[in-house]
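Please study the sequence and the structure shown below. Two exercises with worked solutions then follow.

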Amino acid sequence: MPMRKVVLIMISVCFSSSVAFGQSEAMKDVINNIAFYYKKTDLKYLSEAKKAVDGSFKTRADSMDYGKNVYKAVVYSSIVYIDSLNKLNYPDTLFSQTNKLVNKIIYNRKAYKFDVEINYIKGCMANVYLRKAFDSYSKNNYTVAIANFKEAKQYVPAAKQINGYLANIYYKLGNYTTAVHYYDTLLLEHKPRLDYIQSAAISYKMLGDTAKCLEITQNGIADYPHDQSLLFEEANILNNKKNYTLLKPLLDELLAQAPNNPDVVFMAANCYDHLGNVDKAEQYYQEAIALNTTDYNPIFNLGLLYLKKAASKTNDAQYQANLDQSKLWLEKAYEISPNDEKCLKTLQMLYLQTGNSNQLNQVNSKLKQLINY
């Protein structure tokens with residue numbers, strides 16, 4: 001599934017000296033300039049905020065002041081997040097300096113006193129790493145993208161969409177074991193996103209866990225009852241399990257949505273064939289062939305169906321008509337796949353019934369070659 005680039009982590013904070021950043025007069029210019037930026041979106045206010053906060057560090061005691069360092073981290077994280085094009089022309093080392101400062105701030109035992117500020121800082125840093133991750137992803141540098149997504153997740157562990165980004169990359173890389181680790185957390189949500197359900201189901205199928213794939217698919221259909229991809233996935237599983245009774249109602253829905261899909265039509269034909277509805281099976285086999293005239297499976301199955309119909313008819317005319325139809329389609333199947341042993345053995349049965357010794361000898365010779373080979 002393609003990755004959808006979504007809105008970055010939302011940062012919600014009230015920039016006022018009395019609410020957001022405490023009541024320190026020393027930081028009033030810093031606070032006001034940050035607030036002005038969010039009102040007027042002019043980068044000059046971020047520059048002024050940086051000047052104000054840097055100017056407040058005059059002594060060793062200032063450097064050790066936790067509150068001042070929090071405000072400094074607020075300003076610096078704002079700049080590295082907002083000024084992504086570096087229009088303020090700060091040195092490239094600003095991000096590493098900010099990163100070091102932020103990690104020092106958020107893990108301090110006093111951090112609880114500055115919850116609003118710390119959450120704002122974390123949001124800024126998470127967005128920086130998300131931006132880096134998307135940039136790496138767009139360049140197919142998945143290793144770096146993964147590292148950046150994981151960095152972002154450390155700052156905002158509750159942001160579940162990051163699990164979606166990581167799941168998507170691991171899915172794309174074919175690392176399904178790791179992909180399902182992330183998808184599992186996403187599927188716990190109320191009505192998970194459809195693309196998460198689809199990719200999770202495919203990942204489990206690739207891992208060989210058909211039961212889990214079916215569980216996810218059926219849960220997904222409960223939320224998205226008319227999604228064609230989920231219906232088709234469940235239909236495939238039930239078809240492979242030969243559970244034709246449960247398969248039939250799914251096919252009714254799929255046929256209504258995709259009447260010209262040859263795979264769906266053939267599955268319906270095969271289902272009705274196994275349920276003993278010969279007329280429906282014949283109809284859908286013919287429709288499947290009309291949709292794809294070179295597909296071996298419906299052609300062979302239709303030939304076999306007519307052979308079975310012949311065996312059940314007592315009327316000589318019907319018996320012969322079914323044998324003729326069986327011969328027509330089985331020989332077409334043989335033309336498409338001349339080395340298919342099942343087709344050859346079915347032709348062997350047909351030629352025995354019709355007494356066609358020349359063609360029977362040819363089939364016997366072909367089967368002997370295949371077995372000896």
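The exercises treat first the chain as a whole and then one residue, in a model that is predicted.

**Exercise 1.** Describe the secondary structure and the overall dimensions of the chain.

*Solution.* 
Step 1. The chain contains 19 helices and 0 strands.
Step 2. Along the principal axes, its C-alpha atoms fill a box of roughly 110 × 40 × 35 Å.
Step 3. The radius of gyration of the chain is 34 Å, whereas a compact globule of 373 residues would have one near 21 Å.
Step 4. As to burial, 45% of the 373 residues count as buried.
Step 5. Among contacts with a separation of 6 or more, 54% are between residues 24 or more positions apart.
Step 6. The chain has 43 positive and 36 negative charges, and their mean positions are 10 Å apart.

**Exercise 2.** Determine whether Asp62 is buried or exposed, and identify its polar partners.

*Solution.* 
Step 1. Asp62 is located in helix α3, which covers residues 60–64.
Step 2. Residues under 20% relative accessible area are classed as buried. Asp62 has 13% relative accessibility and therefore counts as buried.
Step 3. A polar atom of the Asp62 side chain lies 2.8 Å from the backbone nitrogen of Lys58.
Step 4. The side chain of Asp62 also forms a polar contact of 2.8 Å with the side chain of Lys68.
Step 5. When neighbours within four places in sequence are set aside, Asp62 is in contact with Ser56, Phe57, Lys68 and Asn69.

Notes: Residues numbered from 1 in each chain as written. Predicted model: local features only at pLDDT ≥ 70, side-chain atom pairs only at ≥ 80, totals over all residues. Heavy atoms only, no water. Helix = DSSP H or I, 4+ residues; strand = E, 2+ residues; numbered from the N terminus. Rg over C-alpha atoms; globule rule 2.2 N^0.38 Å. Buried < 20%, exposed > 50% of the residue type's maximum accessible area, 1.4 Å probe, protein only. Contact = heavy atoms within 4.5 Å. Lys, Arg positive; Asp, Glu negative; His and termini not counted. Charge placed at Lys NZ, Arg CZ, Asp CG, Glu CD. Polar contact = N/O pair within 3.5 Å; in protein donor to acceptor, adjacent residues only side chain to side chain.
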